[in-house]
Amino acid sequence: MIDAEKTLLQELLRQEETLQFSRFSSDIALNLGLGIVNAARQAGQAVLVDIRCGDLQLFQHAMEGTNPDNVDWVRRKVNVVRRFARSSFYMGTLYRSKGSDFDTATGLDPREYAAHGGAFPIRIRGANLVVGTVTVSGLPQAEDHALAVAVLQTLV
């Protein structure tokens, strides 16, 4: 594992440990979603934002410039978080750091799972349980992830 990947994996785990809510509600999801949309708009970016609590979609907004492919990317990224309880960016980075790739190493159908940055687990502090996901699609994977994390940092 090269040092840059090791450092990135450590940072991604730190984010998951620190960016946890004391509680999560539809109002928090709305504030999170609108925060991401506003941040993307200010940066001149077009993204699709999706926030779920379990199977319940609490927020979704597709900005001008996104398309149905973004909806599919969201679904596939969310599937990774649900299966592994880690961010989709972490999972992709983990397998790359081992000299492999997620699809080959896991044998999971790439039409159902995408270990690309953008889906982040929503956890309740102290519960050690993923209760939902916040997902961004439309930018390069590191930027999708960074946008979600930047707004999460303002709310937790």
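How many helices and strands does the secondary structure of the protein chain come to? There are six helices and four strands, where helices (H or I, at least four residues) and strands (E, at least two) are DSSP runs numbered from the N terminus. This is a predicted model, in which local features need pLDDT of at least 70, side-chain atom pairs count only at pLDDT 80 or more, and totals for chains, interfaces and linings use all residues. Residues are numbered from 1 along each chain as its sequence is written, and side-chain values use heavy atoms, with hydrogens and water left out.

Along the sequence, the pattern reads α-α-β-β-α-α-α-β-β-α.

Turning to overall dimensions, the C-alpha atoms fill a box of roughly 40 × 35 × 30 Å along the principal axes. Of the 156 residues, 44% count as buried, that is, under 20% relative accessible area with a 1.4 Å probe, protein chains only. Among contacts (heavy atoms within 4.5 Å) between residues at least 6 apart in sequence, 67% join residues at least 24 apart.

I turn now to the strands. Strand β1, residues 48–53, pairs with strand β2, residues 56–62, in the antiparallel sense over six bridges; two strands pair if DSSP finds at least two bridges between them. Valine 49 stands opposite histidine 61 in β2. Two residues lie between the strands of this hairpin, and glycine 54 takes a positive phi near 60°.

β1 also pairs with strand β4, residues 130–137, in the antiparallel sense over six bridges. There, cysteine 53 has glycine 132 of β4 as its bridge partner.

Terms used
Buried means under 20% relative accessible area, exposed over 50%, partly exposed in between (1.4 Å probe, protein chains only).
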